[in-house]
Protein chains: 2
Amino acid sequence: MGSDLIDELRRALGDAVSTDDGVREAARGDASGWRTDSPPDAVVHAASVADVQAVLRIASASGTPVVTRGAGTGLAGGANGCRGQIVLDTTRMDRVLEIDQANELAVVEPGVINDDLNRALAPHGLWYSPDPASKAISTIGGNIATGAGGLLCAKYGVTREAVLGLVVVLADGSLLRTGHRTVKGVTGYDLTALLTGSEGTLGVIVEATLRLRPAPRHEPVTIAAAYPDVESAAEGAAAVVRAHLRPAMLELLEPGGLARIRSFLGDAALAGTPLAAGAAPDGAAFLIAQSDGPEAAAEAAEVAAALASAGGSVALAADAAEGERLLAIRRSFHGALAASGEVLIEDVSVPRSQMPAMFREIARIADAHDLEIPTVAHAGDGNLHPNFVYSGDEVPERVWAAADELFRTAVALGGTLTGEHGVGVLKRRWLRDELGDAQEALQRRIKAAFDPAGILNPAAMFEPVA
Amino acid sequence: MGSDLIDELRRALGDAVSTDDGVREAARGDASGWRTDSPPDAVVHAASVADVQAVLRIASASGTPVVTRGAGTGLAGGANGCRGQIVLDTTRMDRVLEIDQANELAVVEPGVINDDLNRALAPHGLWYSPDPASKAISTIGGNIATGAGGLLCAKYGVTREAVLGLVVVLADGSLLRTGHRTVKGVTGYDLTALLTGSEGTLGVIVEATLRLRPAPRHEPVTIAAAYPDVESAAEGAAAVVRAHLRPAMLELLEPGGLARIRSFLGDAALAGTPLAAGAAPDGAAFLIAQSDGPEAAAEAAEVAAALASAGGSVALAADAAEGERLLAIRRSFHGALAASGEVLIEDVSVPRSQMPAMFREIARIADAHDLEIPTVAHAGDGNLHPNFVYSGDEVPERVWAAADELFRTAVALGGTLTGEHGVGVLKRRWLRDELGDAQEALQRRIKAAFDPAGILNPAAMFEPVA
């Protein structure tokens with residue numbers, strides 16, 4: 001990109017254009033730890049739809065690639081810019097434009113932080129349910145662009161189900177409005193769903209109409225269970241499903257992850273839980289569930305019975321404070337890993353019934369590559385996060401070799417290489433393994449229907465054409 | 001289409017190919033009452049994926065249009081064949097291939113009847129929730145192709161949310177597998193969602209993986225309310241939403257529809273209901289709600305209170321039998337209309353808060369065109385079915401003129417010209433009014449990415465290119 005282009009951006013967007021070294025450096029990376037080999041030429045901090053349109057018009061006229069970026073909390077390298085590219089940062093577009101009580105929807109700009117939206121909704125008795133683990137720091141625009149999941153999806157659905165409509169700036173700078181302010185609507189193809197999870201490759205989300213739910217009116221009830229091994233914990237999760245129970249949350253920590261949490265938190269933090277010193281042996285696994293809604297207490301009792309039937313040592317939290325103490329064990333997982341090195345967080349999904357098989361495969365792959373792969377799973381929906389802990393600036397090749405086996409195994413078990421993080425740059429080399437050549441080619445044709453010049457996030461999702 | 005092509009179809013598909021006059025005649029129409037101007041050249045009754053592939057290969061090689069058809073219960077003329085076309089009937093592909101309890105999913109062929117699937121699921125304690133009014137006679141393949149809605153969608157979601165994956169035969173006869181056996185999965189663009197509601201224009205659905213729910217374990221509770229006019233009934237529905245209640249069902253009958261039901265059923269059938277002779281004046285409107293789930297009784301009491309707060313004369317059914325009697329009033333709506341003439345059933349959606357405005361507009365349009373437009377609404381999600389009753393074989397021009405105003409009004413109120421029936425042939429001339437020229441062009445490019453020769457249901461959704 002020449003200085004002419006920077007000048008043109010400056011004329012159109014003034015101070016919103018940054019060529020500051022620190023700003024450009026930051027835009028090389030995301031929360032995956034992966035960085036591009038060079039900083040982008042400029043970062044534009046768009047504050048309005050018109051700003052986004054101006055960037056896309058200039059980029060389109062000059063054939064300059066644009067990488068759209070929210071809070072940078074992605075885990076697949078999907079929003080990382082490099083030399084010759086503009087990074088389009090939408091975090092300043094952070095207004096909640098409308099909260100519509102009668103229609104249970106909100107209209108937001110893309111830079112609104114997920115938790116901030118819920119803080120704004122609370123006084124209205126409304127709730128936006130998609131809850132990626134990053135919700136305190138990630139943006140709604142990024143959540144939609146990646147099709148983010150979370151802990152509550154098995155019961156409350158994924159991001160796609162919560163997006164009613166979008167306003168998107170296309171590659172040429174024009175505006176596309178999709179969807180409706182209604183739950184139903186089947187006029188033409190469902191571009192709202194197509195754009196959700198499209199990782200900035202089809203257009204730039206500048207506004208979203210979100211479907212809300214009444215805020216929960218009842219205190220949730222938390223249940224925790226320790227198991228002698230991961231197979232019996234997975235069996236506990238299966239028993240919950242067999243009993244036709246659908247707790248809001250059902251999280252599984254396998255022994256490797258649990259051991260790190262125990263040494264990270266120390267015995268005192270675990271006193272009084274099923275993981276108290278002496279209560280759970282080495283190699284123990286941990287399940288934590290939460291029931292909500294009007295029958296939370298009754299459902300929790302049924303969940304506890306199902307967990308016990310699989311051999312779990314079960315504790316039912318007496319109150320919300322005790323529930324929070326149990327949940328804190330789960331929440332400390334990533335802190336415990338980060339304390340011991342760099343972490344590559346993976347994100348496969350398999351049919352729930354295949355979770356025991358996937359855990360066996362993870363153990364086998366860890367052995368074969370002489371690695372530890374501490375893992376947490378959203379057991380209610382079969383989404384596992386196997387984590388690789390390593391040292392140094394770069395992900396070692398043997399970690400990628402192990403990840404390669406992991407992805408292929410998940411697909412072979414009827415699952416997918418990414419449940420909720422996206423393909424980005426880091427997983428694009430496995431896209432064809434999952435989709436097949438013909439579907440990959442069809443998906444490229446869809447990309448071309450939106451972005452014929454290929455300027456939108458060209459490094460993400462698809463391998464470069466040789 | 002020449003006799004050569006029929007011969008080729010016969011060589012590949014034998015007796016599955018019908019050129020019988022009666023069979024071809026039946027394939028001209030659907031439940032909308034609209035018929036094409038000529039029968040298709042052949043109807044192929046596919047019994048297998050291989051049959052569908054054979055048809056598409058032959059059609060593709062010869063450039064012959066193919067119209068895929070399920071039970072023919074569509075209301076938009078989207079599965080009606082004409083001269084020069086093959087109608088591909090998938091109703092013989094009617095096997096439930098798998099019921100997977102552990103993963104709460106079913107794999108079905110497209111010709112399975114919606115109610116038959118639920119009959120097969122019941123012994124497993126599972127339930128497929130999308131419930132188009134035609135569920136006793138319509139196929140899952142057709143439900144997916146139209147993105148069918150139903151009465152329970154506000155609480156349980158539309159068809160798109162219940163489809164996890166598809167197997168589709170593309171125009172060239174190749175197979176495309178989309179989605180996963182998991183709730184989560186964000187590898188590449190969401191083609192499962194894109195194909196849902198695509199009305200046979202992108203591919204032919206030959207298998208679907210469906211997301212199931214635990215079957216309801218509690219008796220639902222039915223609530224009915226009569227109001228002096230439609231505005232206060234709409235206000236009753238709004239009061240339910242304001243109270244953050246989400247009954248499974250919330251149906252509204254406006255005075256014109258209600259009057260026809262009263263004369264159709266007679267006073268005896270309404271005795272003991274809020275519509276009993278003398279209890280509700282002329283011009284009265286009717287709301288019927290149903291609460292389900294573990295707190296059905298408590299929720300129903302809250303719903304009843306909300307309905308009463310808006311001036312409704314409310315009856316809470318004492319038991320399931322009484323609930324069924326109240327529901328029968330709603331269910332007799334289409335029978336009552338059909339008894340008085342031909343019926344064109346329309347299907348607009350508006351934001352729930354705009355229902356009173358939409359009812360006012362329907363009354364105005366009816367007056368202006370000297371028509372009656374008896375209407376029922378799924379009030380929980382703002383989906384209205386205004387019905388035109390007419391006589392004769394053809395929909396009169398003034399009915400289409402009134403429908404034109406209806407569609408434009410719904411779009412202007414923030415809604416859509418079709419909530420759950422699809423665009424088909426009958427509404428394609430309004431597609432551009434809703435989507436705009438640029439989006440319509442983009443949608444045509446997506447169609448071309450799947451079906452470059454344009455042989456799949458070419459008359460549906462888009463206007464012919466001049």
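This is a predicted model: local features need pLDDT of at least 70, side-chain atom pairs count only at pLDDT 80 or more; totals for chains, interfaces and linings use all residues.
Residues are numbered from 1 along each chain as its sequence is written, chains are lettered from A in the order in which they are written, and side-chain values use heavy atoms, with hydrogens and water left out.

Start with the interface. Here 81 residues of chain B are in contact with 81 residues of chain A (heavy atoms within 4.5 Å). The two chains bury about 6,600 Å² between them, 54% of it on carbon and sulfur atoms (accessible area, 1.4 Å probe, lost on putting the two parts together, summed over both). K184(B), Y189(B) and H244(B) supply 15% of the area that chain B buries against chain A, more than any other three residues. There are also 14 salt bridges across the interface (a side-chain nitrogen of Lys or Arg within 4 Å of a carboxyl oxygen of Asp or Glu). One of them links E420(B) to K184(A), with the closest N and O atoms 2.9 Å apart.

On to the core. L194(A), F450(A), L194(B) and F450(B) touch the most other members of the 68-residue largest nonpolar core (buried Ala, Val, Leu, Ile, Met, Phe, Trp, Tyr and Cys joined through side-chain atoms within 4.5 Å; buried is under 20% relative accessible area, 1.4 Å probe, protein chains only). Helix α16 of chain B (residues 431-450) gives this core its largest share, 6 residues.

Finally, helix α4 of chain B (residues 114-121) has N114(B), D115(B), L117(B), N118(B) and L121(B) as its buried residues. They line one face of the helix, because they fall within an arc of 155 degrees seen down its axis (taken from the directions from the helix axis to the C-beta atoms).

Terms used:
Buried means under 20% relative accessible area, exposed over 50%, partly exposed in between (1.4 Å probe, protein chains only). Helices (H or I, at least four residues) and strands (E, at least two) are DSSP runs, numbered from the N terminus.
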